[in-house]
Amino acid sequence: MVALNKFYDYVEQESKAVHNWASHTYKAALTNTAPVATNTILADITQIAASGGYVAGGYTLDSVTLTETGGVAKVTIADEVITATGGSVGPFKYVVVYNDSATSPADALFCWYEYAGAALTLLDGESITIDFDGTSGVWTKV
Amino acid sequence: MSTTQELLAGQKALLRARMVELRADIAALMAPTADLKVQRDAAIAEQNALDTTIADLTAQIDAIEQPRLYELKMELSEVAQAESKIKLSDG
């Protein structure tokens, strides 16, 4: 399983109610430049060029669910399939998840994942799946 | 009262007086911000009202999309992963 790397600023912004996992729009942006934990907003991330269906800002994570059971909150995100269309996507090695609804700070970052291998380039028609943990969730909080 | 007790009583009085001074300093420091806090509380109330609207809209959206959207995206994921495993060769 690929490790989730949390941006430091997330915990502060979460405590300030900048993040609302029940209603905000979260997106996955692609980059081939390693993020650092001190990055705070999407503008700190060097995204890949727009091509093959990839546009600045990345892909909307359509199905984000926040639940609570026995005092433990959990966020699950449906897997996101990225398909190169009309061109190639990449190269990229990192997927950055951020809050597209946040305005102060704008596009507040949550985490990034690093692909275990060389940077990927999806040729036209090729797909890759961001396989979020549907059982344990992306994160839980007591 | 003994001398020690008198000293202690004196100390106590001094400390209480200092507490009064400090409370006055605190009140003086906070006095100019009282109006700002009233404005902030009003803004928070507006924000809370918006949060209620957002929650209502979210519930309406989820009622339409979920859980089917999650199921379809997970099926898309399985199909995409199976498709990626198929390697075509020329000839």
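Glu80(A) is buried, with a relative accessible area of 7%, where buried means under 20% relative accessible area, exposed over 50% and partly exposed in between, computed with a 1.4 Å probe on protein chains only. This is a predicted model, in which local features need pLDDT of at least 70 and side-chain atom pairs count only at pLDDT 80 or more, while totals for chains, interfaces and linings use all residues. Residues are numbered from 1 along each chain as its sequence is written, chains are lettered from A and ligands numbered from 1 in the order in which they are written, and side-chain values use heavy atoms, with hydrogens and water left out.

**Glu80(A) and its surroundings**

- Glu80(A) belongs to strand 6 (residues 80–83) of chain A; helices (H or I, at least four residues) and strands (E, at least two) are DSSP runs numbered from the N terminus.
- Not counting residues up to four places away in sequence, Glu80(A) touches Tyr59(A), Thr60(A), Leu61(A), Asp62(A), Ile128(A), Thr129(A), Ile130(A) and, from the other chain, Lys73(B), a contact being heavy atoms within 4.5 Å.

- Over all chains the count comes to eight salt bridges, each defined as a side-chain nitrogen of Lys or Arg within 4 Å of a carboxyl oxygen of Asp or Glu.
- Two salt bridges are found across the interface of chain B and chain A.
- In one of them Glu80(A) pairs with Lys73(B), with the closest N and O atoms 3.0 Å apart, and this pair crosses from helix 3 of chain B to strand 6 of chain A.
- Lys73(B) is buried, with a relative accessible area of 9%, and Glu80(A) is buried as well.
- The side chains of Asp62(A) and Lys73(B) also meet in a salt bridge, at 2.8 Å from N to O; Asp62(A) lies in the loop between strand 3 and strand 4 (64–69) of chain A and Lys73(B) in helix 3 of chain B, so the pair joins two chains.
- Asp62(A), for its part, is partly exposed, with a relative accessible area of 39%.
- Taken together, Asp62(A), Glu80(A) and Lys73(B) are linked in a network of salt bridges.

**The interface as a whole**

- Chain B gives 12 residues to the contact and chain A gives 12 residues.
- About 1,100 Å² is buried between chain B and chain A, and carbon and sulfur atoms give 53% of that area; buried area is the accessible area (1.4 Å probe) that two parts lose on being put together, summed over both.
- Four residue pairs, both members at pLDDT 80 or more, are in polar contact across the interface of chain B and chain A, meaning a pair of N or O atoms within 3.5 Å, of which, within protein, one must be able to donate a hydrogen and the other to accept it, while residues adjacent in sequence count only if both atoms are side-chain atoms.
- On the side of chain B that touches chain A, the elements giving two or more residues are helix 2 (34–65) and helix 3 (68–85) of chain B.
- Helix 3 of chain B provides the largest share of that side, nine residues.
- The residues on that side of chain B divide into six nonpolar, five polar and one charged, with Ala, Val, Leu, Ile, Met, Phe, Trp, Tyr, Cys and Pro counted as nonpolar, Asp, Glu, Lys and Arg as charged, and the others, Gly among them, as polar.

- Thr129(A) is found in strand 11 (residues 127–130) of chain A and is buried, with a relative accessible area of 17%.
- Leaving aside neighbours within four places in sequence, Thr129(A) is in contact with Asp79(A), Glu80(A) and Val81(A) of chain A, and with Ser77(B), Ala80(B) and Gln81(B) of chain B.
- Thr129(A) and Val81(A) are 48 residues apart in sequence, yet 4.3 Å apart in space from C-alpha to C-alpha.

**Within helix 3 of chain B**

- Glu71(B) and Arg68(B) form a salt bridge at 3.1 Å, N to O, and because they are three residues apart in helix 3 of chain B, about one helical turn separates them.
- Glu71(B) is partly exposed at a relative accessible area of 39%, and Arg68(B) counts as partly exposed at 46%.
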